[in-house]
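Welcome, and thanks for taking a look at this one with us. Please open the sequence and the model side by side, and then read on.

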Amino acid sequence: MLEQGQHVRLTALSGASRRTKNRINERGGRGFRVVHEPTATLFDNEGRKWVQLESACGWNGWLPVDEVESEEFEEAREA
């Protein structure tokens, strides 16, 4: 379950769109912070749920929940 404030690592599912795969590969190296929990949006007429995310590099955007798999992510801390 994706919850607001959670730090997650995402993996694109096999049927994911190219956009989803690219965002994860280009922006998700250090994981994502969940900005807004999964919700239906006005920009998707199919009624799918999307999650708003923010990456460490500053990217902020939405990805469809049905195209990703998530796991808790603890970023390594420097000593």
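This is a predicted model: local features need pLDDT of at least 70, side-chain atom pairs count only at pLDDT 80 or more; totals for chains, interfaces and linings use all residues.

**Overall fold**
- The protein chain contains 1 helix and 5 strands, arranged along the sequence as β-α-β-β-β-β.
- Its radius of gyration is 12 Å, close to the 12 Å that the globule rule gives for 79 residues, so the chain is as compact as a globular protein of that length.
- The C-alpha trace spans about 45 × 25 × 20 Å along its principal axes.
- Of the 79 residues, 32% count as buried.
- Among contacts with a separation of 6 or more, 53% come from residues 24 or more positions apart.

**Sheet and helix**
- An open sheet is formed by 5 strands in the order β4-β3-β2-β1-β5, with antiparallel pairing.
- At its edges lie β4 (60–64) and β5 (68–72), each of which pairs on one side only.
- On average, neighbouring strands of this sheet are turned by 35° against each other, direction ignored.
- Helix α1 (residues 18–27) packs on the sheet and touches β1, β2, β3, β4 and β5; the direction of α1 makes about 135° with that of β4.
- The antiparallel strands β3 and β4 are joined by 5 bridges, and E54 stands opposite N60 in β4.

- In soluble globular proteins, nonpolar side chains tend to be buried together.
- Here, the largest nonpolar core has 11 residues: L2, V8, L10, I24, F32, V34, V51, L53, W59, L63 and V68.
- Strands β1 (7–12), β2 and β3 each supply at least two residues of this core.
- V51, one of the core residues, is in contact with L2, V34, H36, P38, G61, W62, L63 and V65, leaving aside its neighbours within four places in sequence.

**A loop residue to look at: T41**
- T41 sits in the loop between β2 (32–40) and β3 (49–55).
- Is T41 buried or exposed? T41 counts as buried, because its relative accessibility is 14%, and the cut-off for buried is under 20%.
- Leaving aside neighbours within four places in sequence, T41 is in contact with R48, W50 and W62.
- T41 and C57 are 16 residues apart along the chain, and their C-alpha atoms are separated by 25 Å.

Note on methods. Residues are numbered from 1 along each chain as its sequence is written. Side-chain values use heavy atoms; hydrogens and water are left out. Helices (H or I, at least four residues) and strands (E, at least two) are DSSP runs, numbered from the N terminus. Buried means under 20% relative accessible area, exposed over 50%, partly exposed in between (1.4 Å probe, protein chains only). Contact means heavy atoms within 4.5 Å. A nonpolar core is a set of buried Ala, Val, Leu, Ile, Met, Phe, Trp, Tyr and Cys residues joined through side-chain atoms within 4.5 Å. Two strands pair if DSSP finds at least two bridges between them. Axes are lines fitted to C-alpha atoms, for helices over the stretch in contact, and angles run from 0 to 180 degrees between N-to-C directions. The radius of gyration is taken over C-alpha atoms; the globule rule is 2.2 Å times the number of residues to the power 0.38.
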